[in-house]
Amino acid sequence: MSRILSGIQPSGELHIGNYLGAVKNWVELQKKYECIYFIADYHAITGSYEPADLRRRTRQMAVSLLASGLDPAKSTLFVQSMVPEHTELTWIFSSVTPLGELERQTQYKDKSQRQESVSAGLLMYPVLQAADVLLYRADLIPVGEDQVQHLELAREVARRWNAKFHSDFFPEPKPLLTATRRIMGLDGQAKMSKSLGNTIGLLESPEEVWAKLRPAMTDPARVRRTDPGTPEICNIYHLHKAFNDEATVEHVAVQCRTAGWGCLDCKKVLLEGMMRELTPIRERACELEARPGLVTDALAAGAAHAGEIARSTMATVRDTMGLR
Ligand code: TYM
């Protein structure tokens, strides 16, 4: 049976971008496969941050994931730093990773341009990600589009390590993408991302969501209420596809093209669809906040299971490489 693995940064509450791009699919996959999911706190320390804040965001992310439907009885869920073998394998992989490949990573180029002082950790980030995946010898990695390049590097690392040590120990992991692989932010300009401040949080109230949806970017051709629009170029239309059924989406498209609805009418229908899906998640999150022991126990059990797999992989890796 294929093994599924994926990770997410401890950015606090989930937003609808990482929910639709990845986590919703994680929940589906746990019905059919062995699944391992983790909160990537080692990935979150490459820039400046407050330790207490990191701990709070990690915890919030665990609540968001469980509330979204990750079931600790079906899947393994843990915090990356609870299994320190991730960092050992990173060092080992650094010696088979070409520096040029790291310098070519789009996320590295973007992020390093935005920072005054760039840590070696930012450059090494995809090596840690390769270690995350290969430590569990996972085959299928459910992610959004922005992670595909990192996974190509993980495949390259697996190939190079196998070749150097005449082994076929590491499988080459494949990305698993959804129809909602790239959700744009409310500005309609860039990918939805916490660091760009263009998100809708998964646990926000209908009032909070409406306050963000109301001014969100639509088709610029619709200046007046009577101007017809082109749904395909409007981010709001794409969000309808994620949250509403086909008949509603078709109706939305017709109303947009014929100027039957104004953009605000269209956004109100979107809000209803979103809340149908998000309200139960918000309620579950409230219940979990009230029972912190449940979250702690789920993460501890997950780390114990992940740790067993990780230690077994590392025993083979050290043995193969002549370490100890
Ligand atoms: P992160 O935390 O940025 O995002 C978590 C997942 O959500 C997807 N995603 C999106 N999908 C569609 N539209 C968006 N606007 C959007 N924003 C985020 C991401 O593609 C990702 O699947 N480096 C990774 C975490 C990681 C990881 C791993 C993933 C660490 N180790 C090993 C897979 C395997 C990251 O920062 O994701």
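The side chains of Glu 232 and Arg 257 form a salt bridge with an N to O distance of 3.1 Å, a salt bridge being a side-chain nitrogen of Lys or Arg within 4 Å of a carboxyl oxygen of Asp or Glu. This pair links distant parts of the chain, with Glu 232 in the loop between H8 and H9 and Arg 257 in helix H10 (residues 246-257), 25 residues apart. Helices (H or I, at least four residues) and strands (E, at least two) are DSSP runs, numbered from the N terminus. Glu 232 is partly exposed at 42% relative accessibility, and Arg 257 is partly exposed at 42%; buried denotes under 20% relative accessible area, exposed over 50%, and partly exposed the range in between (1.4 Å probe, protein chains only).

The model is predicted, so that local features need pLDDT of at least 70 and side-chain atom pairs count only at pLDDT 80 or more, while totals for chains, interfaces and linings use all residues. Residues are numbered from 1 along each chain as its sequence is written, and side-chain values use heavy atoms, with hydrogens and water left out.

Across the whole structure, 16 salt bridges are found. One of them joins Arg 155 and Glu 172 at 3.5 Å, N to O. Arg 155 belongs to helix H7 (residues 148-164) and Glu 172 to the loop between H7 and strand E5 (174-176), so this pair ties together parts that are 17 residues apart in sequence. Arg 155 is partly exposed, at 23% relative accessibility, as is Glu 172, with a relative accessible area of 30%.

A further salt bridge connects Asp 265 with Arg 225, where the closest N and O atoms are 3.8 Å apart. Because Asp 265 sits in helix H11 (residues 263-290) and Arg 225 in the loop between helix H8 (206-213) and helix H9 (235-243), the pair ties together parts 40 residues apart in sequence. The relative accessible area is 29% for Asp 265, which is partly exposed, and 45% for Arg 225, which is also partly exposed.

Helix H9 is largely enclosed by the rest of the structure, because seven of its nine residues are buried. These are Asn 235, Ile 236, Tyr 237, Leu 239, His 240, Ala 242 and Phe 243. The buried residues of H9 pack against H1, H8, H10 and H11, contact being defined as heavy atoms within 4.5 Å.

The ligand is surrounded by 27 residues, of which the closest are Gln 9, Tyr 125, Asp 132, Asp 146 and Ile 183; a residue is counted if one of its heavy atoms lies within 4 Å of the ligand. By class, this shell comprises 10 nonpolar, 12 polar and five charged residues. Ala, Val, Leu, Ile, Met, Phe, Trp, Tyr, Cys and Pro count as nonpolar, Asp, Glu, Lys and Arg as charged, and the others, Gly among them, as polar.

For Asp 146, a polar side-chain atom lies 2.4 Å from an oxygen atom of the ligand. Taken alone, the ligand exposes 710 Å², of which the protein buries 95%; accessible areas come from the Shrake-Rupley method with a 1.4 Å probe. Strand E1 (3-8), helix H1 (16-29) and helix H6 (120-135) are the elements that give two or more residues to the shell.

Conventions:
A polar contact is a pair of N or O atoms within 3.5 Å; within protein, one must be able to donate a hydrogen and the other to accept it, and residues adjacent in sequence count only if both atoms are side-chain atoms.
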